[in-house]
Amino acid sequence: MSLIQPIVPLLLAVFLMMGGTGALTTIVSVRLDAAGASPILLGALTAAYYLGVTIGSTQAYRLVGQVGHIRAFSASATVMVAATLGHTLGSDPAAWTALRLVEGCCMAGLFVCIESWLNQSATAATRGQILALYMIALYGAQGAGQYLMVIDDPHGFKQFVLVSILVSLALLPVALSRKAPPLLQKLEPVRIRNLYRASPLGFAGTVISGLVVGAFYGLGPVYIRHLGYDLGQSATFVSAAIIGGMILQWPFGKLSDLFDRRLVLVGLFAALTVISIGMTMLPQSGFAPLLAGIALFGGIIFAIYPICVSHTNDFLTPAEMVPASGGMVLGFSMGAIAGPFLASLVMAMFEQDGLFLFCALVAAAALAFALWRMTVRPPVPIDRRLPFLPQAPIAGPLDCVSTSGERLGSDIGKSDIGEAAPGTEPSRS
């Protein structure tokens, strides 16, 4: 109880917030698909959302530093509610794309507030437990929130109003919290080039994760609806992937503590290739096998990002990890922006099967890259690895990411790996 009590308001805020916003992408995709929108338009809307997350993350950390966690959270939630209600005013695709961009910016602000507050409230001994509770609240609420989609909505606004109500209620536990939020650390820029040099597979893996996760969130609801399933089954389908990610992320992560993390990633990429191909065949077997398949699919895709982050952190000093997290989020965001659009192009050619054919192609390319990287240098010794921590690639302090900065991060790839001998390149993984 001493661990949980101080963070109960934050966990409650996460649960309410994700209970509403977790279904918003699904609702938007299903609504526009029913109105006859093309997969390319649906992919563009999801890409706009993740572009908003990226833009918002560049400013949110600065906003929190200027006005504090509570005011920044309140401002982000207020604009999020306004943008959500904006969907009830019409269904113009351009307007909805702009609203999704704004909603992405707001979600970045909300998550930067919550995650930075939780991280700085934790100690080295409690961080893993606190993040585990956070992930349960996040994924559990996101999975449950999918069922907002099945609420009867003859006038087309009830679902958006319910999302807005839940986000509004999420303000209460934060605004009424008696515990003062911590001060943010002052972060210096980290160079993306040096982050990639520290661990090419780790950084590339976050991009791969973004490609697949972004494509699934944006087009997964369309896939299941095109198979002829009703709204309740569609909500269960998306929820199963999210719950599968919540349940399997920790076991896969602990395996990466015991074995070479690259070997675990190779296994995940290989499994993702196989299950993605299998998902194009499972619809012929009925809904139950399809549900089991998507739960395993979700467990794999949501495990890739935190293992890639853990693998990269094995090559960094503690002082480098916080600013480097922004670079990892940026890698995920780049993939999540491109993934829905690229997957929609494949779906335009192969209909609903195109979603998982795209995932299979991405996973196969990642598998080849991971196998090649394993030939470059030996694994990190077990005694130099940090324990795996569950993570969700939602938002991070991207304003500490730089492509040309020379301050913190300019030594990434050296300080924990060792300097290269004169005339040679530093070893990389």
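Tutor: With 3% relative accessibility, Trp96 counts as buried, a term that means under 20% relative accessible area, with exposed over 50% and partly exposed in between (1.4 Å probe, protein chains only). The model is predicted, so local features need pLDDT of at least 70 and side-chain atom pairs count only at pLDDT 80 or more, while totals for chains, interfaces and linings use all residues. Residues are numbered from 1 along each chain as its sequence is written, and side-chain values use heavy atoms, with hydrogens and water left out.

The structure holds 15 aromatic pairs; rings of Phe, Tyr and Trp (its six-membered ring) pair if their centres lie within 6.5 Å, and planes under 30 degrees apart count as stacked, over 60 as edge-to-face and the rest as tilted. Trp96 and Phe160 form an edge-to-face pair, because their ring centres are 5.9 Å apart and their planes stand at 85°. Trp96 belongs to helix α5 (residues 93–121) and Phe160 to helix α7 (residues 158–175), so this pair ties together parts that are 64 residues apart in sequence. Helices here are DSSP runs (H or I, at least four residues), as are strands (E, at least two), numbered from the N terminus. Phe160 counts as buried, because its relative accessibility is 0%.

Tyr305 and Phe332 also make an edge-to-face aromatic pair, at 5.7 Å centre to centre with 75° between the planes. This pair links distant parts of the chain, with Tyr305 in helix α12 (residues 287–313) and Phe332 in helix α13 (residues 318–350), 27 residues apart. Both Tyr305 and Phe332 are buried.

One aromatic cluster is formed by Tyr139, Phe216, Tyr217, Tyr223, Phe237, Phe297, Phe302 and Phe356. Elsewhere, Arg373 lies over the face of Trp372, at 4.8 Å from the ring centre; a charge sits over a ring if NZ of Lys or CZ of Arg is within 6 Å of the ring centre and within 35 degrees of the ring normal.

Next, the cysteines. Zero disulfides are found in a search of the whole structure, a disulfide being a pair of cysteine sulfur atoms within 2.5 Å. For Cys106, the nearest cysteine sulfur is that of Cys105, 6.7 Å away. Cys106 counts as buried at 6% relative accessibility, and Cys308 counts as buried at 0%.

Helix α2 (residues 24–34) is mostly covered, with nine of its 11 residues buried. Among them are Leu24, Ile27, Val28, Val30 and Leu32.
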